[in-house]
Amino acid sequence: MQAQSFSRLLAPLAPVHDRHESFSPTLLTLLKEQGVWLAVHGRAGARPRLAVQCAWAEALAAACPATAVLVQSQMTLAHTLALGGTPSGLALVEDMRRGVITGWGLTEAEAGSDVLSMRSTATLDGDSYVINGSKRFISNAGMAAQYLVFARTAPEHSSRAISGFLVAAGAEGLSIPRHERKLGLRACPTGDLVLDAVRVGADALVGGVGDGVGLALKTLQWSRPLIGAVGLGIARGAYESLRDLIESEPGGLSVLTGARQDDGHRVADLVIEIAAARALLYDVARRADEAGTLPAIWEASASKTFCSDLAMRVVCEALAIGGRAAVKPGAPLERYFRDAKVTQIFEGTNQIQRNAIVKNLPSFSGEAQLAPEQSTVLGKPAAGMPPTRPGESP
Ligand SMILES: Cc1cc2nc3c(=O)[nH]c(=O)nc-3n(C[C@H](O)[C@H](O)[C@H](O)COP(=O)(O)OP(=O)(O)OC[C@H]3O[C@@H](n4cnc5c(N)ncnc54)[C@H](O)[C@@H]3O)c2cc1C
């Protein structure tokens, strides 16, 4: 199944998910039956392609941002488990290919952006670890079969003091006492995990002792472009909703070149910015795939920030241009507006992304990188290419 075809099946479920504040059982069946998990995780043992995962996240978000975030969270966690390389983690990736849902437990009430303030502990006791603490804002809480929980294995304020452990949802001592009521992404369950003397075997460790922060940071280099893709999908969905709305009004789209020329220019700016965001995101993802590496830190942050800020901007512009029809409760733009905001917050807030870019300033002094087939003389179209596409006017 291709991402675009799946998103057509998904679109009618989006308002239902939002209204019921939960995913419909139909969605979970569709994700399995239509082979989405296999498509996004890639072939067993093979490195997934970031550009393919971004294309899925974008297509799903244009139809239903909550579903996109569910799928993105699984792509992200599978990446951490693959990086950790331990047998229990790799076995879980195989289960995820078959649709087992997992959750990522890093954030705490007093440790969001500043991960090193984490208080949860994992203490070695014989041949097992005993985990105590609590986690906040954990996506898929109550829905996941396994959680990757980060906890302190040493007391010092150091990136080597934190490790990651797999904890089964049914583990004794694990509870989920509350869920958040959220502005957007309402179908995604987001809750607290409380770990009260939860005992896990030493084989639950993902990576080595003290690898937790390193694994988390490397995962973010992979997952930030994926959140960018969710933002881009929301921006695209909002723009398409606006276009449909104007088209359905008397005069249709021609009002944008006539009576409402000012709105027309605003819509043109949205088109330019969506195209620019796409170019940035897929350039970052394709180059990482070709090199077989993670995107550079600044690229991961730039694509996440640009696309998620764009999501917010496009939705706000679309609401302003669309007017009364756009803001009706239940109208797609109203939902996109609520869903867009969180893309600026999770996977590191956009302030934290800007900090990361400033700490890793790139140089642009090299030549622009063109793919071989694009290396034509500037200004001249490549042989056989028409100067404009049929149907387009200059
Ligand atoms: C819907 C949702 C789902 C989530 N899912 C998960 C999940 O599955 N697993 C998980 O572990 N976490 C999850 N999170 C948590 C998310 O990653 C955190 O909310 C995020 O990292 C920010 O942390 P915080 O909310 O504690 O804000 P804080 O870190 O307290 O930040 C508050 C404000 O201060 C700013 N700020 C903080 N430090 C700096 C700084 N150094 N420089 C400049 N500005 C700064 C921030 O940008 C922000 O505006 C989720 C959050 C949400 C909203």
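## Two helices side by side

Helix α10, which spans residues 297-322, and helix α12 have axes that come within 8 Å and cross at roughly 155 degrees. This is a predicted model. Because angles over 145 degrees count as roughly antiparallel, α10 and α12 are therefore roughly antiparallel to each other, and their crossing is left-handed.

On the side of α10, the residues that meet the other helix are S308, A311, M312, V315, A318, L319 and G322, and their partners in α12 are L333, Y336, F337, A340, K341 and T343. Sorted by class, the contact of α10 with α12 comprises nine nonpolar residues, three polar residues and one charged residue.

## The surroundings of the ligand

Around the ligand there are 20 residues, of which L106, G112, S113, S139 and T349 come nearest. Three elements, namely strand β1 (102-105), strand β3 (128-139) and helix α13, each supply at least two residues of this shell. By class, the shell around the ligand divides into nine nonpolar residues, 10 polar residues and one charged residue.

## Two loop residues with positive phi

L185 has a positive phi of about 45 degrees, although this residue is not a glycine, and L185 is found in the loop that runs between β6 (174-175) and β7 (190-201). With 28 other C-beta atoms within 10 Å, L185 is buried, since 20 or more such atoms are what a residue needs to count as buried.

E347 is likewise not a glycine, and its phi is positive at about 60 degrees. The loop that holds E347 lies between α12 (332-343) and α13 (350-359). E347 is also buried, because 26 other C-beta atoms lie within 10 Å.

A122 belongs to strand β2, which covers residues 121-125. This alanine, A122, is buried, because 29 other C-beta atoms lie within 10 Å.

When its neighbours within four places in sequence are left aside, A122 is in contact with Y129, I131, A151, R152, T153, S163 and F165. A122 and P155 stand 33 residues apart along the chain, and their C-alpha atoms are separated by 10 Å.

Note on methods:
Residues numbered from 1 in each chain as written. Predicted model: local features only at pLDDT ≥ 70, side-chain atom pairs only at ≥ 80, totals over all residues. Helix = DSSP H or I, 4+ residues; strand = E, 2+ residues; numbered from the N terminus. Buried ≥ 20, exposed ≤ 12 C-beta atoms within 10 Å, placed from the backbone. Axes fitted to C-alpha atoms, helices over the stretch in contact; angles between N-to-C directions. Parallel < 35°, antiparallel > 145°, perpendicular 65-115°, else oblique. Left-handed = near helix turned anticlockwise from the far one by under 90°. Contact = placed C-beta atoms within 7 Å. Nonpolar A, V, L, I, M, F, W, Y, C, P; charged D, E, K, R; others polar. Near = placed C-beta within 6 Å.
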